[in-house]
Amino acid sequence: MGEYVPKRYSQREYITGFDGSFGYAVVTKEQALLWTDGRYHLQASKQLESPPWTLMKFGQADVPTAEKWLVDNLEKNAVVGFDPWTFSVEQFKKFEEALNARKKSCLKLLGVDNLVDIVWQQDQENPMPPLPTEPIFLHPTKYAGQSVPEKLQKLASDMKDERVDRILLTALDDIAWLLNLRGSDVSFNPVFIAYCIATTEGTATLFVDDTKLSAEVREHLAAVDVAIKPYEAVCEALQSTAQGEVEYSYDPAQCNHKLFEFLDTNPVVECSGRTSLATIAKGVKNEVELQGMKKCHLRDAAALIRYLKWLEDRVSAGDVVTEVSGAEKLFQFRKQQDLFVSPSFETISSVGSNAAIIHYRPASGDNRQITANDIYLLDSGAQYWDGTTDVTRTVHFGQPTAKQIECFTLVLKGHLALRYAVFPNTITGHQIDSWARSHLWQAGLDYKHGTGHGVGCFLNVHEGPHGIGTRPVPAKLKAGSIISNEPGYYEDGEFGIRIENLCYLHEVETKYSMASTKFLGVDDLTMVPIQSKLVDVQLLTDKELDAFNKYHSEVLKRVGPLVEDDAALYDWLKCACQPLCK
């Protein structure tokens with residue numbers, strides 16, 4: 001279970017052609033439908049073949065949810081098949097409640113294989129990819145900040161507080177974080193396919209393909225009381241009655257329904273669903289992780305600044321640089337940085353109307369030339385041994401239109417509102433999302449994606465449990481958490497704008513204090529200039545203008561020493577960081 005999966009498990013992409021990270025495919029005898037959210041409406045409309053596929057734009061007022069559509073369109077007592085290995089407990093319960101309300105049956109697929117897999121296995125032209133076999137490797141404590149025993153003991157203590165004896169970990173980044181291991185099973189995300197069961201005794205069992213484990217990794221696990229068992233053995237472990245009467249915790253948003261069935265039908269097991277305690281712990285960075293994130297963001301900024309200058313020079317000279325070749329050049333600049341491992345996601349390098357496709361990927365698009373005539377939106381990031389980056393900058397190498405400048409400035413105002421916000425540590429990201437949107441709303445504009453997501457340290461670029469968005473998320477914002485700040489605006493068929501920094505939350509002193517409440521502030525990790533050409537200073541308040549200038553002063557102060565050996569690049573950076581005035 002996860003937002004990103006190995007190619008072997010991309011069944012929805014195989015049957016629909018849509019490769020976004022969120023969506024439901026529903027196939028009946030007469031119809032084939034795909035639901036996806038606002039991030040992917042434009043992308044899905046381009047990737048789906050219609051007929052047979054119908055795009056259902058999830059989130060729009062006139063579009064029913066997938067479960068509501070099933071209730072309204074299937075005959076009474078119809079059977080809805082699903083694969084329990086790929087459906088989370090949370091998803092199952094949502095569909096089950098809706099279908100049972102109309103006396104329909106919601107049953108798992110009978111047989112041994114996913115129906116899509118049966119078709120895929122017979123496809124000679126597009127064969128099913130094999131499971132990944134790349135080796136698992138250590139993530140040293142000097143970068144992780146905590147040893148495995150420390151993490152296991154903290155997890156055991158949290159489990160005792162919650163009165164559970166075992167925790168079933170199914171999120172791949174939870175497992176990698178807990179055991180200070182990394183892998184290459186999912187593109188751009190340094191994780192590996194596995195399950196893990198941890199106990200209140202501070203021990204754990206890792207269920208994994210052990211052919212991926214080197215002698216070094218085996219020694220590492222043995223030294224910290226982590227047993228190794230075959231990946232498939234998790235089924236037997238959860239069904240075993242020999243473990244005695246125990247209570248398991250599982251995360252219903254991450255655990256597939258098949259594993260839950262094993263627990264639910266075990267007569268000696270009680271089980272309770274809650275947000276994974278490992279996810280909660282992982283979401284608050286220790287001091288070593290935080291320092292690593294700060295350092296890798298400076299190196300990453302140097303690479304991105306070098307690319308932006310290079311690109312500006314090439315466009316000015318009339319050279320041909322495309323979305324794809326530009327992304328490749330950025331990759332080459334990043335590869336030169338210390339501790340670089342890989343990109344953290346596929347670079348969104350998008351020109352003009354392509355920038356209005358929120359998760360556009362140039363490799364699958366029309367690969368336009370980057371010119372002085374259009375806005376260029378670049379959303380990119382990297383994995384380093386000491387952290388993960390994710391940054392978006394929107395630039396124009398010619399003369400932007402008045403509307404583009406206005407929209408960019410409204411997005412900037414929302415970005416600054418979050419950056420300089422102070423709020424109690426008792427609230428969720430949902431409660432501050434409107435601060436980033438309010439200036440756009442006043443102009444009748446909005447954007448169809450979240451405002452912020454958590455980020456791992458040399459882990460997944462999207463991480464829970466916290467987030468900022470229009471959809472309620474129960475996790476409260478905490479000091480030590482990393483969060484993105486990325487409002488935007490997208491005009492279909494014309495242009496797209498997004499400004500994204502990664503930030504960290506920390507406690508702040510306030511004029512007054514409340515005995516039971518701490519207040520949090522936001523500080524930037526990302527240190528890359530925001531193009532001043534796109535800013536209408538007359539739309540900024542004096543406070544916003546001062547904040548904009550302070551940010552660029554900090555960028556020059558922190559990143560300047562990394563590029564000052566290149567006089568032309570340092571001059572470019574100084575120019576990009578010049579203060580604005582009214």
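User: How many residues apart are Asp 546 and Lys 550 in helix 17?
Analyst: Asp 546 and Lys 550 are 4 residues apart in helix 17 (residues 542-563), so about one helical turn separates them. Helices here are DSSP runs of H or I with at least four residues, numbered from the N terminus. The two residues form a salt bridge whose closest N and O atoms are 3.3 Å apart. A salt bridge is counted when a side-chain nitrogen of Lys or Arg is within 4 Å of a carboxyl oxygen of Asp or Glu.

User: Where do these values come from?
Analyst: This is a predicted model, in which local features need pLDDT of at least 70 and side-chain atom pairs count only at pLDDT 80 or more, while totals for chains, interfaces and linings use all residues. Residues are numbered from 1 along each chain as its sequence is written, and side-chain values use heavy atoms, with hydrogens and water left out.

User: Is Asp 546 buried or exposed, or partly exposed?
Analyst: Asp 546 counts as partly exposed because its relative accessibility is 38%. Buried means under 20% relative accessible area, exposed means over 50%, and partly exposed lies in between (1.4 Å probe, protein chains only).

User: What about Arg 334 and Asp 300, which parts do they tie together?
Analyst: Their side chains meet in a salt bridge at 2.6 Å, N to O. Arg 334 lies in helix 14 (residues 323-335) and Asp 300 in helix 13, so the pair ties together parts that are 34 residues apart in sequence. Arg 334 and Asp 300 are both buried.

User: And what is the distance in the bridge between Arg 39 and Asp 37?
Analyst: The closest N and O atoms of Arg 39 and Asp 37 are 2.9 Å apart. Both of these residues are buried.

User: Changing topic: how many residues are in the largest nonpolar core?
Analyst: The largest nonpolar core has 75 residues, and those with the most contacts inside it are Tyr 307, Leu 311, Ile 370, Tyr 376 and Phe 423. Such a core is a set of buried Ala, Val, Leu, Ile, Met, Phe, Trp, Tyr and Cys residues joined through side-chain atoms within 4.5 Å. Helix 13 (residues 287-316) gives the most to this core, with 10 residues. Apart from this core lies another, of 32 residues, including Leu 206 and Leu 459.

User: Which residues is Tyr 376 in contact with?
Analyst: Leaving aside neighbours within four places in sequence, the contacts of Tyr 376 (heavy atoms within 4.5 Å) include Tyr 307, Leu 311, Ile 370, Arg 393 and Phe 397.

User: Where does Val 284 lie?
Analyst: Val 284 lies in the loop between helix 12 (277-282) and helix 13. At 32% relative accessibility, Val 284 counts as partly exposed. Not counting residues up to four places away in sequence, Val 284 touches Glu 289, Lys 478, Ala 479, Gly 480 and Ser 481.

User: Finally, how many disulfides does the structure hold?
Analyst: The structure holds 0 disulfides, a disulfide being a pair of cysteine sulfur atoms within 2.5 Å. Cys 196 is in none, and the nearest cysteine sulfur, that of Cys 255, is 13 Å away. Cys 196 is buried, with a relative accessible area of 0%. Cys 271 is also in no disulfide, with the sulfur of Cys 255, the nearest cysteine sulfur, 8.8 Å away.

How values were computed
Helices (H or I, at least four residues) and strands (E, at least two) are DSSP runs, numbered from the N terminus.
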